[in-house]
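User: Got a fold open here and want a quick walk through it. Can you take my questions as they come?

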Amino acid sequence: MSLDKGQMPNLNVGGLKIAVVASRFNKELVDALLSDAVKTLLAKGIAESDITVMRVPGAAELPFMCGSLAKTGKYDAAVALGVVIAGETPHHEIIANSTAVEMQRLASETGVPMINGIIVTNNLEQAQNRTIGKIARGVEFAEAAMEMAFHASNFKNNK
């Protein structure tokens with residue numbers, strides 16, 4: 001696992017509208033991602049009124065809701081937040097692969113950046129390290145959403 005994520009450039013992100021869709025499954029861990037993501041958006045200059053948070057049952061439902069929100073034309077980026085931990089079956093692999101592919105497809109289809117913030121781990125300890133631990137991926141997901149929304153917005157405005 002790489003921790004060398006680089007640093008978000010200093011961008012004027014005020015006025016961007018960000019949708020954050022979070023799974024209710026593994027609630028404590030997803031809530032930590034959500035809290036870090038929203039705090040980061042606010043700290044970087046996104047107005048609270050420009051952040052929409054929605055909850056869905058599980059990770060499998062995240063792409064549908066992100067895509068539905070993107071298709072409204074009201075959002076500059078969508079972030080999917082979820083935690084999928086391996087169990088006795090390969091279900092976590094199916095969810096990881098299908099959601100990743102669908103998020104990329106929807107981003108290409110809608111022209112709205114989709115940030116895949118679905119943490120997929122082999123065990124609870126790994127999930128905790130990436131959500132409530134020192135790694136705190138929620139910050140990274142929010143930063144990626146702002147940076148990609150900024151670039152996409154500039155691209156649209158310069159056509």
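User: What share of contacts join residues at least 24 apart?
Analyst: Among contacts between residues at least 6 apart in sequence, 81% join residues at least 24 apart. Keep in mind that this is a predicted model.

User: How many helices and strands does the protein have?
Analyst: Five helices and four strands. Along the sequence the pattern reads β-α-β-α-β-α-β-α-α. The radius of gyration is 15 Å, close to the 15 Å from the globule rule for 159 residues, so the protein is as compact as a globular protein of that length.

User: And what box do the C-alpha atoms fill?
Analyst: Roughly 50 × 30 × 25 Å, along the principal axes.

User: How much of the protein is buried?
Analyst: Buried residues make up 46% of the 159. The accessible surface comes to about 8400 Å², and carbon and sulfur atoms hold 52% of that.

User: Which residues touch the most other members in the largest nonpolar core?
Analyst: Ile18, Val20, Leu41, Ile46, Val79 and Leu81, out of 28 residues in that core. The elements giving two or more residues to this core are β1 (18–23), α1 (27–43), β3 (77–85), β4 (114–121) and α5 (137–157). There is also a second, separate core of 20 residues, including Ala78, Ile95, Val112 and Met114.

User: Back to Ile46. What is Ile46 in contact with?
Analyst: Leaving aside neighbours within four places in sequence, Ile46 contacts Val13, Leu16, Ile18, Leu41, Ile51 and Met146.

User: Switching to α4. Which of its residues are buried?
Analyst: Ala127, Arg130 and Thr131. They sit on the same side of α4, because they cover an arc of only 90° around the axis.

User: Is Thr131 buried or exposed?
Analyst: Buried, because its relative accessible area is 1%, under the 20% cut-off. Thr131 lies in α4, which spans residues 124–131. A polar atom of the Thr131 side chain is 2.8 Å from the backbone oxygen of Ala127.

User: What does Thr131 touch, not counting residues up to four places away?
Analyst: Leu29, Ala32, Leu33, Asp36, Val83, Ile119 and Ala136.

User: What reaches the backbone nitrogen of Glu125 at the start of α4?
Analyst: A side-chain oxygen of Asn123, to within 3.2 Å.

User: Last one, Gln126. What is its relative accessible area?
Analyst: 25%, so Gln126 is partly exposed.

Definitions and conventions:
Residues numbered from 1 in each chain as written. Predicted model: local features only at pLDDT ≥ 70, side-chain atom pairs only at ≥ 80, totals over all residues. Heavy atoms only, no water. Buried < 20%, exposed > 50% of the residue type's maximum accessible area, 1.4 Å probe, protein only. Polar contact = N/O pair within 3.5 Å; in protein donor to acceptor, adjacent residues only side chain to side chain. Contact = heavy atoms within 4.5 Å. Core = buried A, V, L, I, M, F, W, Y, C linked by side-chain atoms within 4.5 Å. Arc of directions from axis to C-beta. Rg over C-alpha atoms; globule rule 2.2 N^0.38 Å. Areas by Shrake-Rupley, 256 points an atom, 1.4 Å probe, with all protein chains shown as cover.
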